[in-house]
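My entries are below, in the order I made them.

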Amino acid sequence: MTEQTPETNPYGTPTTSGPEPLRSYQKQLNTVMRTLLKVPFLGPQVGKRLCVLHVVGRKSGKVYDIPVAYTRHDGDILIGTGKWAWVKNIRKGTPLAVSFGGPKRTADAEVLTDAESVVRLSDVIARDNKQWAKFNGIGLDAQGNPNKADAYQSWQKGTVIIRLTVH
């Protein structure tokens, strides 16, 4: 499966209502986070789970600095996000810049949109970042295991995974 469909959840009944709606303050929060990540000595502390993607617009050529939470997994960086307009500017085979509270580095990027990849890698991200799981409506059991039905529901509502290989 490569596209979101409203079909029955193969993992059962979700335990949550799904991803929370976009907060009205998200744009202001992103501005503050971009600034904090640039401050020497503070950036690395703030950025323990955050990086900034420097995404170039396909048509405009404008660079968009997007602060995102990330998880390290098998030598790559995983970013779970919604299908925001900026995500369309990430193309396989076109490197992008990323910074982790320091200088920009180059990374190859791939946007994963199929159900199997999103559910499997959402599990990895949710185990590492409980706040991300909560924000994306993915419940955790008493042992910290993410609910696959919730992850599938999150995929149905537009969650994608960006996999970066940083050079």
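The entries go from the whole chain to the sheet, then to a helix and a residue.

Entry 1, conventions. I am working with a predicted model, in which local features need pLDDT of at least 70, side-chain atom pairs count only at pLDDT 80 or more, and totals for chains, interfaces and linings use all residues. I number residues from 1 along each chain as its sequence is written, and side-chain values use heavy atoms, with hydrogens and water left out.

I counted five helices and seven strands in the protein chain; helices (H or I, at least four residues) and strands (E, at least two) are DSSP runs, numbered from the N terminus. Along the sequence I read the pattern α-α-β-β-β-β-β-β-α-α-α-β. Of the 167 residues, 41% are buried, where buried means under 20% relative accessible area (1.4 Å probe, protein chains only). I also looked at contacts (heavy atoms within 4.5 Å). Among those with a separation of 6 or more, 64% are between residues 24 or more positions apart.

I found an open sheet of seven strands with antiparallel pairing, in the order β2-β1-β5-β6-β7-β4-β3; two strands pair if DSSP finds at least two bridges between them. β2 (63–69) and β3 (71–73) stand at the edges with a single partner strand each, so one side of each has no neighbour in the sheet. Strand β1 (residues 50–56) and strand β5 (residues 96–99) run antiparallel and are joined by three bridges. I looked up V52 and found S99 as its bridge partner in β5.

The buried ones are A149, D150, A151, Y152, Q153, S154 and W155, and they pack against α3 (115–128). At the start of α5, I found a side-chain oxygen of N147 within 2.8 Å of the backbone nitrogen of A149. Just after the helix, G158 takes a positive phi of about 115°.

I placed I161 in strand β7 (residues 160–166). Its relative accessibility is 0%, so I161 counts as buried. Which residues does I161 contact, leaving aside its neighbours within four places in sequence? I listed L78, I79, G80, E110, V111, L112, V118, L121, S122 and I125. I161 and T81 are 80 residues apart in sequence, but I read 6.3 Å between them in space, C-alpha to C-alpha.

Key:
Buried means under 20% relative accessible area, exposed over 50%, partly exposed in between (1.4 Å probe, protein chains only). A polar contact is a pair of N or O atoms within 3.5 Å; within protein, one must be able to donate a hydrogen and the other to accept it, and residues adjacent in sequence count only if both atoms are side-chain atoms.
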